[in-house]
Amino acid sequence: MHAHSGPEAAEIRPSHPHRRVTSFRSRRSSLSDSQQATWNRLWPEIGTVARPAEPGGHYPALDTDAWFGRSAPLVLEVGCGTGISTLAMARDEPDLDVIAVEVYKKGLAQLLGAIDRTAATDAPVTNIRLIRGDGIDVLQHLIPSGALTGVRVFFPDPWPKARHHKRRLLQPQTLDLIVDRLRPGGVLHAATDHADYAEQIGCEVVRQREKGLRAAYVEGFPRVRGDLVITFSPDGNSPVEAIPHLVAKQQEGYDMVIGSRYLPPARSADDDWLTAFGNWTFTHAINVLHGHAWRRPYTDAMVIYRIYRTRLFYELELDQPAGYAVEKWFGTRLGVEPLLSVRAAKRKLRIAEIPVDEPARIGGERKLQPFRWGAGYMTQVFRELYFWK
Ligand SMILES: C[S@@+](CC[C@H](N)C(=O)[O-])C[C@H]1O[C@@H](n2cnc3c(N)ncnc32)[C@H](O)[C@@H]1O
């Protein structure tokens, strides 16, 4: 098999000679014969290179409506890598037009191949275009102010050493540029698993002292400044698109709104028969033993994804170890949600549910201890019949 390195293999460089610091390393990437064939066929139509017409000159304008053949909300993803999540998200959101920017040619070739493979299916993906180049150049020269509905930067190169922090993609100047290119209400969706990078982007990061999810709540809640809190799964399977719906429902005057995986038409892609059975059993036990304060029973009393008044955490004494005392008998650590659901029902709070799908987790492993947790939660639910009036 011949490897093609192609004339552009390692030639993406900062467009301005004075900008020597880039957020990427130049890597040589050679395409296989079949990747090259797909590239030759598809690139002229759905790919382009971000480069000025002549060195130091203007960039040719990008007419996105003509390129996509329609006018639709535009999302720019910078650093799409091999494009696995780009393709999955574009397929799920056919009403958005997605531009994927990457310097790494082989990654773009993999995305092209994956797009090509959808052409022969019932659901061809037609809403992705690719740009090879530096995302900063694309934002600066090809995207007008206010043109984007979304910008996505998923797991940018972390550049962990302090002397390399200046190479990080999400710097204050880049954030300013992104804010300018987003329309009002547009969203920057960034993901990183490097705490100090998140801090640099402007997020406050609280480092947990004690292990476990409940400790995260107990240590994190004192830092919450808003009146409302949205809790979501650390495994990346609480879809962000549901946030406006959770908020809108809460604004109707509820103390808590649950993003239920079991309220039709919602579905869980993470469940197996054991978790589905366990969630059903606990939810029904809570409904039967503790009633339901708002006429409709819970369909999902266990899910993390919900919005509630911040004060509830303290009013329901979820921070107090006493509510979880049974866990020592089972050698496990119990989460907050079942007790929250039980006590909210006991207090006859205003609670609503909306259907929210649970997609497959994108990170983390399920640390399920089905029998210890099952026994622990069931004992806790029964104990609440006489404990904590
Ligand atoms: C760690 S990878 C993550 C890839 C992908 N988003 C994912 O989550 O799997 C970061 C990618 O960003 C690309 N990248 C870094 N800086 C870039 C820039 N300024 N413009 C375009 N791509 C960039 C790198 O080439 C690399 O492929």
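**Close-up views of the predicted model**

**Figure 1. Phe 155 counts as partly exposed, because 15 C-beta neighbours lie inside 10 Å of this residue.** A residue is buried with 20 or more other C-beta atoms within 10 Å of its own, exposed with 12 or fewer, and partly exposed in between, C-beta atoms being placed from the backbone. The model is predicted: local features need pLDDT of at least 70, and side-chain atom pairs count only at pLDDT 80 or more, whereas totals for chains, interfaces and linings use all residues. Residues are numbered from 1 along each chain as its sequence is written. Phe 155 lies in the loop between β5 and α6, and the place of Trp 159 is also in the loop between β5 and α6. Helices (H or I, at least four residues) and strands (E, at least two) are DSSP runs, numbered from the N terminus. Neither residue is a glycine, yet phi is positive in each: about 50 degrees for Phe 155 and about 40 degrees for Trp 159. Trp 159 has 17 C-beta neighbours inside 10 Å and therefore counts as partly exposed.

**Figure 2. An open sheet of six parallel strands has the order β1-β4-β3-β2-β5-β6.** Strands β1 (47–49) and β6 (182–191) stand at the edges with a single partner strand each, so one side of each has no neighbour in the sheet. From one strand to the next, the twist averages 20 degrees. Two strands pair if DSSP finds at least two bridges between them; β2 (residues 74–78) and β5 (residues 148–154) run parallel and are joined by three bridges. Glu 77 has Arg 152 in β5 as its bridge partner. Helix α4 (residues 105–118) packs on the sheet, where it touches β1, β3 and β4 (128–132), and its direction makes about 165 degrees with that of β4. Helix α6 (residues 172–181) also packs on the sheet, touching β5 and β6, at about 135 degrees to the direction of β6. Axes are lines fitted to C-alpha atoms, for helices over the stretch in contact, and angles run from 0 to 180 degrees between N-to-C directions.

**Figure 3. Four strands form an open sheet with mixed pairing, in the order β7-β9-β8-β10.** The edges are held by β7 (228–231) and β10 (351–355), each with a single partner strand, so one side of each lacks a neighbour in the sheet. The twist here averages 20 degrees from one strand to the next. Four bridges pair β7 with β9 (residues 306–309) in the antiparallel sense, and Thr 231 stands opposite Arg 306 in β9.

**Figure 4. Helices α10 (residues 273–290) and α14 (residues 370–383) pack at an angle of about 5 degrees, with axes 10 Å apart.** The two helices α10 and α14 are therefore roughly parallel (under 35 degrees; over 145 is roughly antiparallel, 65 to 115 roughly perpendicular and the rest oblique). The contact of α10 with α14 has ten nonpolar, two polar and no charged residues. Ala, Val, Leu, Ile, Met, Phe, Trp, Tyr, Cys and Pro count as nonpolar, Asp, Glu, Lys and Arg as charged, and the others, Gly among them, as polar.

**Figure 5. The ligand is surrounded by 19 residues.** The closest are Ser 23, Phe 24, Gly 79, Gly 81 and Gly 135. Strand β3 (97–102) and helix α5 (135–142) each supply at least two residues of the shell. By class, the shell has eleven nonpolar, five polar and three charged residues.

How values were computed
Near = placed C-beta within 6 Å. Contact = placed C-beta atoms within 7 Å.
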